[in-house]
Amino acid sequence: MKPFISEAMKQLLVILFYSHLVMSIERIPLVRVKPMIQRQPREADELEELWQDHQPDILTRKYLHCFPGYILNSAGPTFEKLYDYKNAQYFGVVSIGTPPQNFTVVFDTGSSNFWIPSAYCVSTACDKGLHRKFKSFLSESYQYEGSHFTLKYGTGELHGVIGRDTLKIGNLSIIDQVFAESVIESRAFIPAHFDGVLGLGYPSIAVAGAVPVFDSLTSQNLVEEPMFSFHLKSGNSDDGGELLIGGIDHSLYKGSIHWIPVIEKGYWKIKMDSVNIQGRNLLCANGCQAIVDSGTSLIIGPIAQITKLHEAIEATPLNNETYILDCRRLSSIPSITFTIGSKDYTLTAKQFVRKERIGDATVCISGFQSMDLTNHVRPMWILGDIFMSKYYSIFDRGNDRIGIAKLHQGKPLGGVQARV
């Protein structure tokens, strides 16, 4: 006798089946692009000119509300929290439109807007095939919003229009995603190895009231859990690791995940207890704050504290912002430990020093940079890719917290299958 299945039960099974297809954990491969100084060897006297891109004014616009009022008042009426991404290293591919058009983007936890160049962009940064441009007239699903935007950063501005279209990230399709199309771009974007930026910050820092991409993913029930995680790979390979949207890959880390609450729903900002050098509490002694930022390559700290750090590790200033070390003594340079939530996260010199080729010579450059981000409460640090590439980093929007865990060294990707 065949088992009896009611019509209602059949419908329930169909719903469960298709909801399993819709809710997804999606893997986005990341490509690691070597810094310009490594890709194109230069003479030693050109090193300082190249590293002018790391001047503080380039980054100030990204964390604008962290600064004193007199800086805010001089910056103009419309602001965007981004900087010159010329030296960002980790990129992924998304598509937008019907049929889809592909773009390489920085997945940036330090901003919340999604923008790409428009086919109508008139700037040199968009010319001569330097970057792919979105052809809205070829997309059947495109909608023009009728408004414009201005994104300001340290060395120029980005202007354009607002639109909506279908955005595809891996196998996830977002309907009517709001995004910005740039029609005027600063020359600072000419050498960038990406087309646009996809912000993963909170809605409160989005310009023009745009709905961030991750908020669209959750509101359209496209992910299993309201979280995403980064596994950034360092080294000479172009394999940059992955961005996992909608869950955690438990095969990528060892031990337990340490969860730290977000203290401000804008940037992914957390409390940091201290920064120790070879076990000595020399920096951030009374506590400070830190932003975990996938769009920043280096580790940024207050000027006085980074100066003290470089003195402790005997680094030599190349200019006011860039320090170099003797490559022959890396094994004897003290380790730097960040204490967060009473747990220590240590970087050795081999992990926070960037080795670059200048002609026939190897130069060791410190991964720490100084900039005062004053929020009138505590000193501010930015933990960029140098920190994130050493730890599995989880951004949990559902519980407003960040998870950090030790990476499995040499662990292949794909320990958990995407449930699509």
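Helices (H or I, at least four residues) and strands (E, at least two) are DSSP runs, numbered from the N terminus. The structure treated here is a predicted model, in which local features need pLDDT of at least 70 and side-chain atom pairs count only at pLDDT 80 or more, while totals for chains, interfaces and linings use all residues. Residues are numbered from 1 along each chain as its sequence is written, and side-chain values use heavy atoms, with hydrogens and water left out.

**Exercise 1. Describe the protein as a whole.**

Step 1. The secondary structure comprises 9 helices and 27 strands.

Step 2. Of the 420 residues, 55% are buried; buried means under 20% relative accessible area, exposed over 50%, and partly exposed in between (1.4 Å probe, protein chains only).

Step 3. Consider the contacts (heavy atoms within 4.5 Å). Among those with a separation of 6 or more, 71% are between residues 24 or more positions apart.

**Exercise 2. Locate the annotated active site and determine which backbone nitrogen the side chains of its residues reach.**

Step 1. The unreviewed UniProt entry places the feature "active site" at Asp108 and Asp293. UniProt positions are given in the numbering used here, feature names are shortened, and annotations may be inferred rather than shown by experiment.

Step 2. These residues span 186 residues in sequence, yet no two of their C-alpha atoms are more than 6.8 Å apart, so they gather at one spot.

Step 3. Asp108 belongs to strand 3 (residues 101–108), whereas Asp293 is in the loop between strand 16 (288–292) and strand 17 (299–301).

Step 4. Asp108 is buried, because its relative accessibility is 0%. Asp293 is likewise buried, with a relative accessible area of 0%.

Step 5. A polar contact is a pair of N or O atoms within 3.5 Å; within protein, one must be able to donate a hydrogen and the other to accept it, and residues adjacent in sequence count only if both atoms are side-chain atoms. The backbone nitrogen of Gly110 is reached by the side chain of Asp108 at 2.9 Å and by the side chain of Asp293 at 3.3 Å.

**Exercise 3. Identify the backbone features at Pro99, Ala208 and Gln278.**

Step 1. The peptide bond joining Thr98 and Pro99 is cis, with omega about 0 degrees. Pro99 is in the loop between strand 2 (90–96) and strand 3.

Step 2. Ala208, although not a glycine, has a positive phi of about 65 degrees. This residue, Ala208, lies in the loop between strand 8 (196–199) and helix 6 (213–219), and its relative accessibility of 59% makes Ala208 exposed.

Step 3. Gln278, also a residue other than glycine, has a positive phi near 50 degrees. The loop that holds Gln278 runs between strand 14 (274–277) and strand 15 (280–283). At a relative accessible area of 53%, Gln278 is exposed.
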